[in-house]
Amino acid sequence: MRQTDISKGMMLALFGFFILVLSDSTAKNVSGTFSVWQIIFIFSATTIPFTLLIGWFRDRCACLKLTHLKTHLLRGLFVTINIILAFKGFSLLPLADAYALAFTSPMLTALIARILLKEEIGALGIVAIISGFVGTLIVGFQPFETLNAVSDTEKTSYITGVLCMLGAATCFSSSYVLVRSKADNITPISFHFYSFLLTVLPAMIVLWIIDVSVPSFLEQPVLAPMSTMELLTMMLIGVLGSTGTICLIQAHKFAPASLLGPFHYSQLLWGSIIGYLFFGNTLSDSTLIGAGFIVSSGLFVITNQYLKKRKARFTALS
């Protein structure tokens with residue numbers, strides 16, 4: 001790869017992750033008013049046409065050919081649960097804290113890949129995972145540092161957000177391992193398209209088949225009336241999410257995943273800035289320390305995977 005292509009890939013990755021943070025921030029902004037099902041339906045329904053457009057310009061939608069239906073169904077389930085839990089977590093936590101916990105996904109991916117794909121972790125990899133777990137504990141239990149200043153309701157809300165983000169990270173990692181297991185047979189765009197197509201269906205069932213008096217996951221009416229501006233805001237979540245995903249897909253065409261992986265952690269920076277400017281969130285010492293453990297652990301896992309692949313290629317050539 002040429003250096004100019006690699007630089008282009010890095011810039012696209014940085015921009016893509018920034019756009020994804022904007023998407024999450026927009027979702028956080030409306031999650032206090034509307035149910036997660038209503039938000040999921042509208043932003044997923046907006047994402048699907050964008051993905052079709054990408055497929056059309058790429059190869060006239062040949063990349064969207066449906067194969068391995070069971071794999072798509074399983075990943076669709078993981079993605080749906082991931083979105084539900086992530087929306088709940090972002091609604092309860094400061095953005096920086098939510099992203100710090102979301103960054104446990106590289107460690108969880110390594111563990112799940114070890115179980116399902118029999119990939120080796122190694123002693124240093126285990127140390128990295130333990131380090132990430134320590135960071136998770138530091139971030140997750142910080143309300144107990146100020147027992148007199150924080151109410152029981154606030155502590156419960158924070159811990160619920162922590163559990164939701166960890167659950168979302170587990171579902172994301174499971175879906176990622178699933179993608180890796182079928183990487184030779186299914187295109188990333190196909191995974192993206194069918195995941196959101198299958199996400200729309202349960203949201204539609206909840207919105208139009210289940211009675212609207214049934215309480216939603218966010219304890220709000222499942223289907224609430226909305227203004228034109230609120231509808232456009234929810235559609236913006238899908239537009240931003242699709243744009244960020246497009247940037248990341250393009251970035252991987254210009255630069256190897258080993259170089260782009262660390263840019264994932266730029267979301268912590270973007271989340272901290274946006275959280276401070278628009279939601280009044282401030283970074284606590286526990287968040288900084290815990291995020292340091294988690295990010296260091298994730299970077300080690302990513303670097304370790306790159307070195308293993310490089311060693312494997314060298315061995316195959318020799």
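Visitor: How much accessible surface does the protein chain have, and what share belongs to carbon and sulfur atoms?

Guide: The accessible surface of the protein chain comes to about 16200 Å², and 70% of that area belongs to carbon and sulfur atoms. Please keep in mind that this is a predicted model, so the confidence values deserve a look as well.

Visitor: OK, what is the average pLDDT of the chain?

Guide: The protein chain averages a pLDDT of 78, and 80% of the residues score at least 70.

Visitor: And where is confidence lowest and where is it highest?

Guide: Confidence is lowest in helix α10, residues 257-260, where the mean is 64, while helix α3, residues 69-92, has the highest value at 86.

Visitor: Which residues touch the most other members in the largest nonpolar core?

Guide: That core has 28 residues, and the ones touching the most other members are Trp37, Ile39, Ile40, Phe43, Ile83 and Phe87. At least two residues of this core come from each of α1 (3-31), α2 (36-59), α3, α8 (188-208) and α9 (228-254). Another core, of 27 residues, lies apart from it, and Phe103, Leu268, Ile274 and Ala291 are among its members.

Visitor: Back to Phe43, what does it touch?

Guide: Leaving out residues up to four places away in sequence, Phe43 touches Ile83, Phe87, Phe196, Met234, Ile237 and Gly238.

Visitor: What about Thr199, buried or exposed?

Guide: Thr199, which is placed in helix α8, counts as buried because its relative accessibility is 0%, with the cut-off for buried being under 20%. Apart from neighbours within four places in sequence, Thr199 is in contact with Ile40, Ser44, Gly76, Val79, Thr80 and Ile83.

Visitor: Switching to α9, why is Val239 called partly exposed?

Guide: Val239 belongs to helix α9 and has a relative accessibility of 26%, which is why Val239 counts as partly exposed, a class that runs between the 20% and 50% cut-offs. Not counting residues up to four places away in sequence, Val239 touches Thr46 and Phe50. The C-alpha atoms of Val239 and Ile19 are separated by 9.7 Å, although these residues are 220 apart along the chain.

Visitor: And Lys8, where is that?

Guide: Lys8 is found in helix α1, and at 43% relative accessibility Lys8 counts as partly exposed. Along the chain Lys8 and Gln250 are 242 residues apart, yet their C-alpha atoms are separated by 9.4 Å.

Visitor: Now the surface: which residues form the nonpolar patch?

Guide: The patch is formed by Ile126, Ile130, Val134, Ile289 and Phe293, which together have about 420 Å² of accessible area. Helices α6 (123-140) and α12 (285-317) each supply at least two of the patch residues, and α6 gives the most, with three.

Visitor: How accessible is Val134?

Guide: Val134, in helix α6, has a relative accessibility of 33% and counts as partly exposed.

Visitor: What does Phe172 touch?

Guide: Phe172 lies in helix α7, residues 152-181, and touches Asn82 and Ser105 when residues up to four places away in sequence are not counted. Phe172 and Asn82 are 90 residues apart in sequence, with a C-alpha to C-alpha distance of 6.1 Å. With a relative accessible area of 39%, Phe172 is partly exposed.

Visitor: Last one: how far apart are Ile273 and Leu283?

Guide: In space they are 9.8 Å apart, C-alpha to C-alpha, and in sequence Ile273 and Leu283 are 10 residues apart. Ile273 lies in helix α11, residues 266-279, and is partly exposed, with a relative accessible area of 38%.

Definitions and conventions
Residues are numbered from 1 along each chain as its sequence is written. This is a predicted model: local features need pLDDT of at least 70, side-chain atom pairs count only at pLDDT 80 or more; totals for chains, interfaces and linings use all residues. Side-chain values use heavy atoms; hydrogens and water are left out. Patches are made of residues with over 30% relative accessible area and no salt bridge: like charges are joined within 9 Å, nonpolar side chains (Val, Leu, Ile, Met, Phe, Trp, Tyr) within 5 Å. Accessible areas come from the Shrake-Rupley method with a 1.4 Å probe; for residues, only the protein chains shown count as cover. A salt bridge is a side-chain nitrogen of Lys or Arg within 4 Å of a carboxyl oxygen of Asp or Glu. Helices (H or I, at least four residues) and strands (E, at least two) are DSSP runs, numbered from the N terminus. Buried means under 20% relative accessible area, exposed over 50%, partly exposed in between (1.4 Å probe, protein chains only). pLDDT is the predictor's confidence in each residue, from 0 to 100. A nonpolar core is a set of buried Ala, Val, Leu, Ile, Met, Phe, Trp, Tyr and Cys residues joined through side-chain atoms within 4.5 Å. Contact means heavy atoms within 4.5 Å.
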